[in-house]
Amino acid sequence: MDIDISDLDLQFEDDVLRSPYKLKAWLRYLDHKHDAPARSVSVIYERALKHLPGSYKLWNRYLRHRLRQLAGKNPLRFEDEFRKAGLCFERALLLLHKMPELWLKYIRFATRLPDVTQARRVCDRALRALPVTQHERVWRVYLRFARRVGGETADRVYARYLRVWPDQAESYVDYCVARGRWSAAGRQLVAVLNNPRFRSPRGTTEHQLWTRLADVLRAHAGKLASWDVERVMRDGIARFPEHAGALWAALAEWCIARGAVDQARDVYAEAVRRVTHVRDFALVFDAYAEFCESVITAEMEHQVAGASEGVTVPSDELTDLRLAQLERLMDQRPFLVNDVVLRQNKHSVNAWLQRARLWQERCEDQARSVRERARAAAQLAETFERALGAVDAHKAADGTVADLWLAYAHSCRTADEQRAVLDRAVAAPMGAVAELVRIYIAYAELELDHGDLGAALRVLTRATAVPSGMNAARVDYRDESVAAAKRVFKSQKIWALLVDLYEIEGAPDSVRTAYERMIDLRIATPQTIVNYAGFLEEREYFEDSFRAYERGIAAFGYPVAIELWNIYLKRFVDRYGGSKLERARDLFEQALEKCPAEYAKPIYVAYGRLEETYGLARGALKIYERAARAVATAQRLEMYRFYVAKTAELLGVAHTRAVYERGIEELGDAAAMQLALEYAQTERQLGEIDRARALYAYASQYADPRVEPALWQRWHEFEVQHGNEQTFKEMLRVKRSVQAKYNTDAQFLAAAEVERQKVRLVKAQKPAQESAPDSAITNPDEVEIDDDDL
């Protein structure tokens, strides 16, 4: 290996001769010779690798150097140079066969060669030599080579690849589609769909894969003659009934592509009756209608073309038949849509009622023939029968079975037909007792519409009859475990309607019996008791009406009973006035005996009013005194005020002192302070200034000046008007002592802080006012106070 060595190279030659196994010496030498001829550089690489045959860095740089020399050259014209480069790769991989970068360079180099077999064998050797974790990098280059080569080589390479990476099957499908190999693409898609463990790395769903398979089969039916396309399509439809529209359309288009027009029509007709979603139905129906229109257009064009050429063409009876079929299809569209909804949920009451309305509209459409209207009427009755047979009362959605029965009865033309339907309805099972109640009430209203009050009463009497063998007292109207027919007799609506009809009939005994029966069955409401008592009172059965109130009070607890007591006591007093005063007193005492304190006030007030009107004034005041002590704590201040007002009215203002004093003694601090202020105002009106001042002083002990400034303001005004310097100073002294008392109480300190925050907020929001005029109004009775007194 003769090379030219210049004087500049001697130093590097000396370094590599003295240290032939030192990598850095060879790298410095090679960097120095980077501009030298390629042969000289190759010789240096060979000398270095002779001493360092296992150096990855040297081999990597040497191979890059070799590949740069081959860049842009034709492998056929420079076969010898390419062969030598391949030998370099082979020598490098003898010791560095675990280096993936060298293998990838070798594979890229080999794939440039015209020898496909050699390139494939290099890829195979790389896969055998490298660990599994590095295979993905090799396969990326290997598949790119296979796609470029194509043919059987590509099929075999992909077959091996998919055995290792089965989730990458879509890439093979893409390759087949790009090469127009539709049969292979279809087989691969079928294999993917038959593999339950397949998970697409692209996120493709199974339905999308089926759709892609359907597109392949539909678009290239002629190239897939050996396939049983219909069986494959129907298998996909069975697997994905919720997305079957596109598959049905693809199957029909496949039939059209094969020229099987009648088969395509049968497929469309089957599809519109089997899809389960409105979206799929719209897709299939529009395709079906477009198909029918295209067939008709083609036949008409064929007839026109034959006539213009003088060729005898068949009659247009077939075209008329096609047009009639299309017209019937469009006419049936609402029913077909309704069928889709019912296939989703056969228990949808609203869907059944919608179907019945469609037939009802056809029955009333005068533009249709008599025969069509009669057929629509028959279909209407059949629709209701089908609905009642299909809908489970406990699974009904968007309505109830009662809605179906009532709509069925309403659709009947004669009263006898309606009665027959409703008789069946009351005997049919219901999901809830309220549904049966609706049917009974509708049945009774039907009889009333026909003017037969007796028949309506018989219907309601049958509804309110207790089923044989049942204990009425033990039946719970809300117990869903018991059949609705066995609980309907406790329906308040039915009993209320029955009472109303008895009143219309003018049978008071029947009305009383019905009310009594409602009370016995424990289904009477407070309003029922009031209505019963009012009914008896209108017919002057006063004592019976009072007994009705008493039965209602015994049946209902508080707070409902308090309303009944109020009405009962008012009616009794209005009826007897003072003629039965002792009995009235006994009734009031009974009402108050068990009455909770929060509900007792109106009864005490009414009791006192009774004594005022028909008894003694002092008796009324004693009742008000009891009330002030017996009512709830929140109502006691108001009751004491009422007691004071009544005392002043009946006995005079002077007698209110005892009431005030008793109230101040018994009420809480806040309420006592309010009552004391009112007491002080009363004393001021009576001219008792000293007593009023004492009351202000008493009330002040409950009023923190920072929290209750109103009291101190009123006392201030009082002293200004009625006091003197000594009393004013005493008021200020009391104020300081009270403030000092509350300054040591944590609870009042917190309350004071809250109050100060409120005051600051008000001041901040209050606009600045104009300064007061210099000439202020003076009070001639103003008391002068030194600063030391504050």
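The lining of the largest pocket in this predicted model divides into 8 charged, 3 nonpolar and 2 polar residues. The pocket itself holds about 330 Å³ of space, and of the 13 residues that line it, those closest to its centre are Asp331, Arg362, Arg368, Glu372 and Arg375. Three helices, α17 (317–331), α19 and α20, each supply at least two residues of this lining.

The buried residues of α20 are Arg373, Ala376, Leu380, Thr383, Phe384, Ala387 and Leu388. Because these residues cover an arc of only 120° around the axis, they fall on the same side of α20, whereas Arg371 and Gly389, on the other side of the helix, are exposed. The cover over the buried residues of α20 includes α19 (349–364) and α21 (401–411).

Elsewhere in the chain, proline 75 is found in the loop that runs between α4 (56–70) and α5 (79–95). Its relative accessible area is 16%, and proline 75 is therefore buried, the cut-off being under 20%. When neighbours within four places in sequence are left aside, proline 75 is in contact with Phe82, Arg112, Leu113 and Pro114.

Conventions
Residues are numbered from 1 along each chain as its sequence is written. This is a predicted model: local features need pLDDT of at least 70, side-chain atom pairs count only at pLDDT 80 or more; totals for chains, interfaces and linings use all residues. Side-chain values use heavy atoms; hydrogens and water are left out. Buried means under 20% relative accessible area, exposed over 50%, partly exposed in between (1.4 Å probe, protein chains only). Helices (H or I, at least four residues) and strands (E, at least two) are DSSP runs, numbered from the N terminus. The arc is that of the directions from the helix axis to the C-beta atoms. Contact means heavy atoms within 4.5 Å. On a 1 Å grid over the protein atoms alone, a cavity is a set of points where a 1.4 Å probe fits but cannot get out, and a pocket is an open set with protein on both sides within 12 Å along at least five of seven lines; lining residues have an atom within 4 Å of a point. Grid points are joined across faces, edges and corners, and a volume is the space filled by probe spheres set on the points. Ala, Val, Leu, Ile, Met, Phe, Trp, Tyr, Cys and Pro count as nonpolar, Asp, Glu, Lys and Arg as charged, and the others, Gly among them, as polar.
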